[in-house]
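Welcome, and thanks for taking a look at this one. Below is a short briefing to read with the structure open beside you.

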Amino acid sequence: MEAAPGDEKLARLLAPLREDPGRAAILTDVDGTIAPITGRPEEAGVPEHTRELLRKLAAKYALVAGISGRRAVDARRIVGVDEIAYSGNHGFELLLPGNDEPLPDPSLDGHEGDAARFVAELDSAELDRAGFRVEDKGAIVALHWRGAPNEGEAESLANEIATAAEWQDLVSHRGRKVLEIRPNVPINKGIAVAAILAAKPVRAALYAGDDRTDVDGFTALRTLREDGDLEAVACIAIASPETPPEVIESADLSVPGPEGFIEVLEALAA
Ligand SMILES: [Mg+2]
């Protein structure tokens, strides 16, 4: 158990948000932050107690949003809370409370189909033989090879595809046994966070996450503070054995796993 100094630091970080919730925003990654990591990503879910806390926070704070690499509608399904906003696909989509359809990021204009067009021109028989599963995420297409008959061979083919994509002015992004093909549009969780905050008159914001892509969220909050657009920010790392060290190093405070983050949400809701 972390001793009192950690609790004091947490209380100090949360104070500006708790003092004026009507002008404060709570932004959270989904997988590994509020949804515990499961062996199979399709089985991810958010505990009922966390859902109740998110609903309470949505009623109290100016803005509560899930920020996810998943499609926005998938993030909302996993979280199971309709009252908060979801920025999905690393910021390419924004799903507002009460809306059925996500809004595409304005920067995507004209590039929505770039990745799909590229993947459609690949040799689909070769992809099938190599054991790829193609996931259509709208503006992004993901090629998964987990469980392929020969994962090494599939990975080599993925590397060739990534090179070809970059030659065609697309962006390739590698995850664990997955290659994402993205349009060449500057977007990340940080840009998404800045855009979502720009629409709300908030002066304090918290961002919580467990992966490299979440560091962009931390950076965005600090840039807004330096520019005078925010007065106070809190960057919370969710520490688990798989959390990259840079996430913990760049956070103001780390908490032990999604269970540790529940205590932060409880303090914000109290
Ligand atoms: Mg995560």
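N89 is buried, and its relative accessible area is 0%. It sits in the loop that joins β3 (85-88) to β4 (93-95), and its phi is near 55 degrees, a positive value in a residue other than glycine. Please keep in mind that this is a predicted model.

**Backbone angles**

- Most residues other than glycine have a negative phi.
- D169 is not a glycine either, yet it has a positive phi of about 65 degrees.
- The loop between α6 and β8 (171-175) is where D169 is found.
- Is D169 buried or exposed? D169 is exposed, with a relative accessible area of 52%, whereas N89 is buried at 0%.

**The magnesium site**

- Which residues coordinate the magnesium ion? They are D29 through OD, D31 through O and D210 through OD, at 2.1 Å.
- Along the sequence, these donor residues follow the spacing D-x1-D-x178-D.
- D29 belongs to strand β1 (residues 24-29) and D210 to the loop between β10 (204-209) and α8 (212-226), so this pair ties together parts that lie 181 residues apart in sequence.
- D29 is buried, with a relative accessible area of 5%.
- D210 also counts as buried, at 11% relative accessibility, because the cut-off for buried is under 20%.

**Salt bridges**

- How many salt bridges are there? The count comes to 18 salt bridges, and a few of them are described here.
- D31, which gives its O atom to the magnesium ion, also has a side chain that meets the side chain of R70 in a salt bridge, at 2.7 Å from N to O.
- R70 lies in the loop between β2 (63-67) and α3 (72-79), and D31 in the loop between β1 and α2 (48-60), so the pair links parts that are 39 residues apart in sequence.
- R70 counts as buried, at 18% relative accessibility.
- D114 and R117 form another salt bridge, with their closest N and O atoms 2.8 Å apart.
- Both D114 and R117 lie in helix α4 (residues 114-120), where they are three residues apart, about one turn of the helix.
- D114 is buried, with a relative accessible area of 18%.
- E231 and R203 also form a salt bridge, and the closest N and O atoms are 2.7 Å apart.
- E231 lies in the loop between α8 and β11 (232-239) and R203 in the loop between α7 (189-198) and β10, so the pair ties together parts that are 28 residues apart in sequence.
- E231 is exposed, with a relative accessible area of 53%.
- Which residues are linked with E231 and R203 in a network of salt bridges? D20 and R23 are linked with them in that network.

- D7, E8, E263 and E266 form a negative surface patch.
- The elements that give two or more residues to the negative patch are helices α1 (4-19) and α10 (257-269).
- E8 is found in helix α1.
- E8 counts as exposed, at 53% relative accessibility, because the cut-off for exposed is over 50%.

- G147 has its place in the loop between β7 (140-144) and α6 (151-167).
- At 65% relative accessibility, G147 counts as exposed.
- What separates G147 from A270? Their C-alpha atoms are separated by 45 Å, and the two residues are 123 residues apart along the chain.
- S240 has its place in the loop between β11 and α9 (245-250).
- S240 is partly exposed, with a relative accessible area of 34%.
- From S240 to E42 there are 198 residues in sequence and 20 Å in space, C-alpha to C-alpha.

Note on methods:
Residues numbered from 1 in each chain as written. Predicted model: local features only at pLDDT ≥ 70, side-chain atom pairs only at ≥ 80, totals over all residues. Heavy atoms only, no water. Donors = N, O, S within 2.8 Å, 3.2 Å for Na, K, Ca; no water. Helix = DSSP H or I, 4+ residues; strand = E, 2+ residues; numbered from the N terminus. Buried < 20%, exposed > 50% of the residue type's maximum accessible area, 1.4 Å probe, protein only. Patch = residues over 30% accessible without salt bridge, like charges linked within 9 Å, V, L, I, M, F, W, Y side chains within 5 Å. Areas by Shrake-Rupley, 256 points an atom, 1.4 Å probe, with all protein chains shown as cover. Salt bridge = Lys/Arg side-chain N within 4 Å of Asp/Glu carboxyl O. Lys, Arg positive; Asp, Glu negative; His and termini not counted. Charge placed at Lys NZ, Arg CZ, Asp CG, Glu CD.
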